[in-house]
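Subject: Structure handover and notes

Hello,

Here is the structure we talked about passing on. Please open it first, then read my notes below.

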Amino acid sequence: MKLRKQVTVCGGAIFCVAVFSLYLMLDRVQHDPARRQNGGNFPRSQISVLQNRIEQLEQLLEENHQIISHIKDSVMELTDTGAVSPSGHLPFRSANGSWVLPFDGRPTFLAVKPQDCQLASGSHSQADVQMLDVHSILKFDNPDGGVWKQGFDITYEPDEWDSEPLQVFVVPHSHNDPGWIKTFDKYFTDQTQHILNNMVVKLAEDPRRKFIWCEISFFSKWWETADAPKQEAVRKLVLGGQLEIVTGGWVMTDEANAHYFAMIDQLIEGHQWLERNLGVTPRSGWAVDPFGHSATMSYLLKRANVTSMLIQRVHYSIKKHFAATRNLEFMWRQSWDAGSNTDIFCHMMPFYSYDVPHTCGPDPKICCQFDFKRLPGGRINCPWKVPPKAVVDANVAERANLLLDQYRKKSKLYRSKVLLVPLGDDFRYDKALEWDQQYTNYQKLFDYMNSHPEMHVQAQFGTLSEYFDAVYKAYDVAQGARPPDYPVFSGDFFSYADREDHYWTGYFTSRPFYKSLDRVIESHLRGAEILYSLAVANARHVGMEGRYPVSDYALLVDARQSVGLFQHHDAITGTGKENVATDYGNKLLRALVGLKRVIINAAHFLVMKNKEFYRIIPWTCLIFPVPCFRWIFFPSFSSPRYLVLFNPVEQERLSVVTVLVNTVRVRVLTEDGQTLPVQLSAQWSSASQMSAEVFEVSEEIHFSDGSTIVTARAADPLPVRSQQSDPQTFYVSSQSLTLGFSGATGLLEFDQMKVQMQFVVYGTRPSKDKSGAYLFLPDGKAKPYNQKEPPVVRVVEGPLFSEVVAFYQHFQQTIRIHNVPGVDGLSIEITTLVDIRDQTNKELAMRLVTDIQNGDVFHTDLNGFQMQPRRHHLKLPLQANVYPMSSQAYIQDSHHRLTLHTAQALGVASLETGQLEVIMDRRLMQDDNRGLGQGLKDNKKTANRFRLLLERRSTGNKMMDRETTSFPSILSHMTNSFLNHKVLALPVLPKRRGIPPLQTFAPLKSILPCDFHLLNLRSIQSQVTRRKQERGRLASPSPHSALILHRLAMDCGLDAPNLGFNCTTTQGQLSISGLFKDLDLQLLQPMSLTLMHSSTPLANDSTISLDPMEISAFKLKLR
């Protein structure tokens, strides 16, 4: 008894000290950043803040005697059960009824250097053309432009080329979609393999013939079936300049929905394949079919040492404006770049499409006559009713002059006297006949033009890079350099319309199930890459290189290629046929199963205490069963069960992890025997029906990095409290948040600052063109979602989290707040389970209504990489004001910023001041006439996951954003990272006796600076010789890994609460040799982003340096 009293008194004293320490620390962390910069002078504006803190402290002290009694009860309970918790981490209720988790004694601090915030407030891009300005000045009208319907009449003087002849490069190409109307494999069998087979034969017939190819997913599949002489013939064509690989990615990636992790990964996969098999280094980018273009892609190409790029699908009004100002070629610069480091030369195609009728000049009726696949007797013809004519001696003069007229008119839209004329379309050149028709007839035209000096033209077949080289040569500048007087452009090219008010903004949301699945697998891929690289390096370090399952590398390669394939602009976009979407889904699921195997094998090796006992375990009896479902299930047990948890994020983390059990008697212990706070919850079989057999147990886990091991034991259940519902507003609270909910709807009514949740429904137009997979053509403003029956609302409160679940006919929304310190406790977790499979031509949207005065400006991310300011324009139709959101969007004013973080790509808009809405799913019964031939009727029940974060501007930092740039706060960056990279739980199969010989693995010697994101640690594939490849050798890793780092730019003008981990910045400096624990760094070599260009290796103890927003790659050898 005396011992209990002593422990109680000590516990109370410790708590008081902890409270005082916490508030002293908060005072140091949370004050205005300006105070840190001016040497700690205490500004008068902080007096009121200090007074408030003192009052809060007094209130806490008043409750202290009640809290001490709870500590006493906890100590007595622990003593009765014979268990002692060294840190006293048991939750209890305070006097006001809220749950309290005692402070765990781990102090955290925020030490962001003022210099690391300067990008958000310093000088920015000096662009001649800024897209926000273009949007403001354009009328977006659509007058008839004559033969160029969306443009204007083009005229020229006959003598304009007398002193400098027109150079024309006709570039034959074939656009091969890796899945759209047919699956990837069906397209390959039916068409692509024949295109490439014909290419080898037909290009060899005449050295003047040229061809370009883009999609390496197809090319690699064909290469595997090609014999050695055919492969050698391809190398000869590449070496001779007849065949050029453009962009060289695994696919021609979508640029709206794709996350920058996957965009980079598919580019690396393609470039690494080219390096291993062809020795090719792509120089030029080619993107003729993505439905709008992102500034992120131009940055990634620049970082990969691509010097020039081409784009096509841009709003017709913007194309017309750029053509009228002769700005169709420009230097594309990132908005944050105050210099010209990110500049890349970009060519914009001027007309409607990339097909032959819209590429030779402004008149499609004439250009179609020079698409010789459409010669009479073929399967396709010219819609303008004037067919092509074969070129013969009798008509060559007339034909050449007619074509030259189009070339000259097109060249008037550009600044140089060098002209690019693409010659191709979807899956062209699959028949040998077309190769003959196109190349033979065009060569006759070229020969005639070139032999008549009075025409002042030099025409030829060419590659894309040959065209760009000719432009640079004309201005006497280096490859990729800015020609004199060429404009600098900053911004992006969303949202895209190809005609009338037909905006391609529906595909931002189409098939959200697959968009969500993609991001889950991307997170698994990143985690598997990192764990695999660490496991192989650690095996090498302890001399067990041959005993680690290197065969897992083939699973990694398969997953890379499956994820890469899904970034295709008809895959992640949701714009393929139903059976094609299913095929993508099957490939992704196979990849996910393989990645789980890689993660399990790597984790098993890394957490083993004695690696000498490691052996490769067959897939059927792994130490960790493959978790194929959302939940990890622990059946009833008498001996402890073990769980290995993997934190994929590079920062420390305090998170709640949930598993299923079939007993209410559970206690969770850490590896060293400390009791963890837990919450026992019901598993619900329906909206109001609990399961009597299965329960959820949630535990609070603190991760430094890497893996953590926890143990579950049987114990007494925590008490469960039930409460009657009330039609009035009700509240749930945590340490950091108090949320109000409508008693009538069960939806959020956050009244600390007005944030109200609504659901609305869009229909489609009643006649003519309607919404489909690509297009969003609503029938007016959205209407409120209504249902006859009131929703069922369920409220769960507990020590670790509280949640409110509202059940509606077409969606189920769960809003949860975590009662934990740090990042997870500072935002609202939202999960909306959407099921609109019984709807017809409806689109469901979630709308947030606030009193934030953002005017007509809001911000959306581009590919999870950067933020792009948007402006709502009343002159544009509703559908034009919808933009892609890959990872977040926010509205803000001088006092607050409200950010919606998302775990899947969706369409987003801000149609009124203070509003932010997201389109969750769309079910459409008809095609929208863009070639698909189907509506969207294969909807699935889909869980869309979000985090809602409300931040306050710091005193004296009312607004730091410039008009063209904006950045998330450090808290916002971490919130997004935690949302997109969930903790992975790996249950350990029970042993017959004893404790599994496992221990926590932490790979980093110290945490990374919190403005560094470890984008990937990717094992580089070994260079396999052709002979070994022919013997069927599987892909295997080299001793090298690619370390890809992104330095985040952040807005420091927002209040910085306790993040739950130590956050420091270093002005972009990082020592790689001091990064990994128990591993020796044997090589540190800066590389281009896709590892094709290398710099001189650095000394192993060198410190690398990254600028804000910079993504850099390094080749490492770890042992």
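How many of the nine residues of strand E12 (residues 418–426) are buried? Eight of them are, so E12 is largely enclosed by the rest of the structure. Buried means under 20% relative accessible area, exposed over 50%, and partly exposed in between, with a 1.4 Å probe and protein chains only. Strands (E, at least two residues) and helices (H or I, at least four) are DSSP runs, numbered from the N terminus.

Some ground rules. The model is predicted, so to speak of local features pLDDT of at least 70 is needed, and side-chain atom pairs count only at pLDDT 80 or more, while totals for chains, interfaces and linings use all residues. Residues are numbered from 1 along each chain as its sequence is written, and side-chain values use heavy atoms, with hydrogens and water left out.

**Strands**

Strand E5 (residues 166–175) runs parallel to E12, joined by nine bridges. Phe-169 stands opposite Leu-420 in E12. Two strands count as paired if DSSP finds at least two bridges between them.

There is also an open sheet of six strands with mixed pairing, in the order E4-E14-E10-E11-E9-E8. Strands E4 (129–130) and E8 (284–287) stand at the edges. Each has a single partner strand, so one side of each is left without a neighbour in the sheet. E4 and E14 run parallel, with two bridges between them. Val-129 faces Phe-489 of E14 across that pairing.

Helix H11 (residues 295–303) lies across E8, E9 (308–311), E10 (329–332) and E11. It runs at about 130° to E11. Axes here are lines fitted to C-alpha atoms, for helices over the stretch in contact, and angles run from 0 to 180 degrees between N-to-C directions.

**Cores**

A nonpolar core is a set of buried Ala, Val, Leu, Ile, Met, Phe, Trp, Tyr and Cys residues joined through side-chain atoms within 4.5 Å. The largest has 256 residues, and Phe-219, Phe-322, Tyr-407 and Phe-493 touch the most other members. Helix H19 (residues 578–607) gives the most to this core, with 15 residues. Phe-322 has contacts (heavy atoms within 4.5 Å) that include Val-129, Phe-330, Phe-489 and Phe-493, leaving aside residues up to four places away in sequence. Another core, of 23 residues, lies apart from the largest one; Val-171, Met-331, Val-418 and Leu-420 are among its members.

**Aromatic rings**

Rings of Phe, Tyr and Trp (its six-membered ring) pair if their centres lie within 6.5 Å; planes under 30 degrees apart count as stacked, over 60 as edge-to-face and the rest as tilted. The count comes to 58 aromatic pairs. Phe-345 and Tyr-486 are a tilted pair, because their centres are 5.9 Å apart and their planes stand at 35°. The two residues are 141 apart: Phe-345 is in strand E11 (residues 344–348), Tyr-486 in the loop between helix H16 (464–475) and strand E14 (488–490). Both Phe-345 and Tyr-486 are buried.

Phe-489 and Phe-493 are stacked, because their centres are 4.8 Å apart and their planes at 15°. Phe-489 is buried at 1% relative accessibility, and Phe-493 at 3%.

Two charges sit over rings (NZ of Lys or CZ of Arg within 6 Å of the ring centre and within 35 degrees of the ring normal): Lys-611 over Phe-605, at 5.5 Å, and Arg-897 over Tyr-890, at 4.0 Å.

Best wishes
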